[in-house]
Amino acid sequence: MKQVCKSVLSVMLSVVMLMTVILVSQPKEVQAAQAGKSRAIYVVFDNSGSMYKPGNMAWSQATYAMEVFAAMMNFDSGDVMKVFPMHPVTVNGNAGTDRTTSITVQSTDDIAQIHNMYTPDPEGTPYTQVNTASAELTALLDSGAAQEGWLVVLTDGIFDSDVPAAGLQEDLKQKAASRDNMYVQFLGMGSEVENVPDSNEDAGLYAQKAGDSAAVINELAIVSNRIFKRNEYPGYKAGNPLKLDVPLSKLIVFAQGSNVDIKSLKNKEGGEVKMENCYSVSCSSTDGAGQTSYVTQVPTKDTSLKGAVAVFADPSSSIVEGEYTLNIEGADSIQVYYEPNVEFGAELLKGGKKVDGDTIEGGSYQVKVGFIDLLSGKFIKDSKLLGKPEYTLTVNGQEYGLGGNGGVTQTVDIQADGDELQLSADVVYLNDYMDHAEKTYKVCTLDMEVQAPKSVALKEIDNAEPLKITAKKNGKPLTKEQWENATVELGTVNEQGDTFALDWDIQKGSEVSTWIAIPKYKDGKMFETDTGKAEVTVDVSTEIDGNSYGKAQTVSMKIKDDRGVLDYLKHYWKQIALGLLLLILILGYIPPFKKRFPRKMKSRPSIECTAEKIGIRDSIVKGNFEKNKLSVFLPYKAEVGRLTFSPAPVKKTARVKAAGGGSMMILNTSTFAGKEDTTFNGMSIPDNYKGHYRISASTIIVVATPEFTYTCIPNVQRTADGSIKKGKRK
């Protein structure tokens, strides 16, 4: 026997590569696992002496891998794993006395047998258990107890006894080809292994030699994903939310680490998803094997291999779409797998609407094929978690191949004719999951003729020519009973497919099997009724011989808008009157209807105080301009205010009113008339002046006293040094 590779990564990658090859390369048609169906994994485990040589931890890594596989099985679906060691083992530790040649795992309670497996007398590498495992697996498949079987041979050396005369290559090929649902995987473990057979994928034989490799944890996740046909959540990183776009029936977490603890799964609102079970896995609890001529000291085991498998599921409800957070401590790696809670289905559509009932009319239809959200009952338009399904649709024996590139849901146009429409749909999705749906409809041709006027004037709609509807079955008029039981419905849309506002008065015609439909104003109101081109769909349905039949036909007609200006004035007079009133009100705030003070007026214009006596200094003080607030907000009323242009004790204030054009009028003109000490642009107001005196924002107002000459310009503010201050009005 060849020496096995001694690193942890080597053996675990070997198992990973084994399972990856099993399920990635599958020219031989694999029977896909479905809900409620089972698989059997029969593992021939090489527990010969070389597996336990000094420093070789391959035995503990291989048993750890088998323990993880067992922990992730769907026991409720009937999955079974059976281990066939090449030499008898005990399953209760180093001190066990009862030896067995196989270990069956059918529940989580059985996994401890792998964990506590011990080989008392490891010796050579016989082929006997390969034949035994193969015989039992084929018998199991033949009985129907399992739908898919895998014979896995894990060995680190050359078989030294019971080798078949046909040779290793041919014997394994024959075993794989013996059943359509049976596969054989040979894995030679270690960089020095020899006599690895060639793969024959057409027959279902896969062979792999695994030497040095990458990390155990990442590769083991691939194995778990492939062998159990679960679906791995793509790109999960610890701490990031899980984004689920379909409801799930189950979510499985495989975390590895020396102190890993899978605590919870919570939704975005903090609600916790029920944990169905959580199983811890680790390297063997035993010393591996007893000492023989092959094993001269206690074997070394890899104590770093520890992990946990948790299943989150609630039998009473699904895990709904949304964001979820995993709380896991002490994990070096995390893999997440999911089982969608969806149902495959096919739906018949007519004019974009689902067809209900078992009887349809001959004609054009669409079949929608895809997955249905079991919570909402609606087809799922698109989903990353469902991948790209491959559909096959058969309609009355004609097959349509549909891909998944357009989304999870696919549609196809079909023609219903003859007496029956038989639909049969199949899907293969994700890791070779399969499903099937079928439906049969009775087909009846109900003919209909609709005569409609080309156009109808809106104002004359009450006197318009009605639509005339005639229905026939197989070219003959309906019976009076069928006519009496029939229902006629009209739907009207515009050219864009939106609802066309128009009512119909549907009445039975003067002859059996006929009806008339008279157009009416929408809700009895002319201005609530649409105009333009209308697409009118007439739908007649009746019961014939206990079955429901229907026929729909679409005709075009134009509702001509013949309304005049007077019609609009009569209808919208309230709105027009209100609009005019609002316009009049708005105009009251806009010049020239509303006279406003010049924008350059300063609220605190400067007053220059020029001293006229020795010992008095020149100065600059602030005047005051204040608007009457009520005059600002009243429409059509000119703004009024007060302008103080000299300080106390000779304080003078003019009451002013906006006059438009940048000017304003002094209202209290008499206060300043005949006063030579007060001038406006160098002129005093005459004593006999009548009316209001006009000034502007730039008028120079001067008040002379023996002590000072006061000068104020309403639109000027000066700084302390006398220069004109620029900027916003203050």
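**Rings and a helix**

Mentor: Phe645, Phe672, Phe680, Tyr689 and Tyr693 are linked by ring pairs into a cluster. Rings of Phe, Tyr and Trp (its six-membered ring) pair if their centres lie within 6.5 Å; planes under 30 degrees apart count as stacked, over 60 as edge-to-face and the rest as tilted. This is a predicted model, where local features need pLDDT of at least 70, side-chain atom pairs count only at pLDDT 80 or more, and totals for chains, interfaces and linings use all residues. Residues are numbered from 1 along each chain as its sequence is written, and side-chain values use heavy atoms, with hydrogens and water left out.

Trainee: How many aromatic pairs are there?
Mentor: The count comes to 20. One of them is Tyr127 with Phe159, edge-to-face, at 5.0 Å centre to centre and 85 degrees between the planes.

Trainee: Where do Tyr127 and Phe159 sit in the chain?
Mentor: Tyr127 is in the loop between helix H3 (112-115) and H4, and Phe159 is in the loop between E4 and H5, 32 residues apart. Helices (H or I, at least four residues) and strands (E, at least two) are DSSP runs, numbered from the N terminus.

Trainee: Is Tyr127 buried or exposed?
Mentor: Tyr127 counts as buried, at 1% relative accessibility. Buried means under 20% relative accessible area, exposed over 50%, partly exposed in between (1.4 Å probe, protein chains only).

Trainee: New topic. Which residues of H4 are buried?
Mentor: Among them are Val130, Ala133 and Leu137. The exposed residues Asp142 and Ser143 are on the face turned away from the buried side of H4.

Trainee: What follows H4?
Mentor: Gly144, with a positive phi near 85 degrees.
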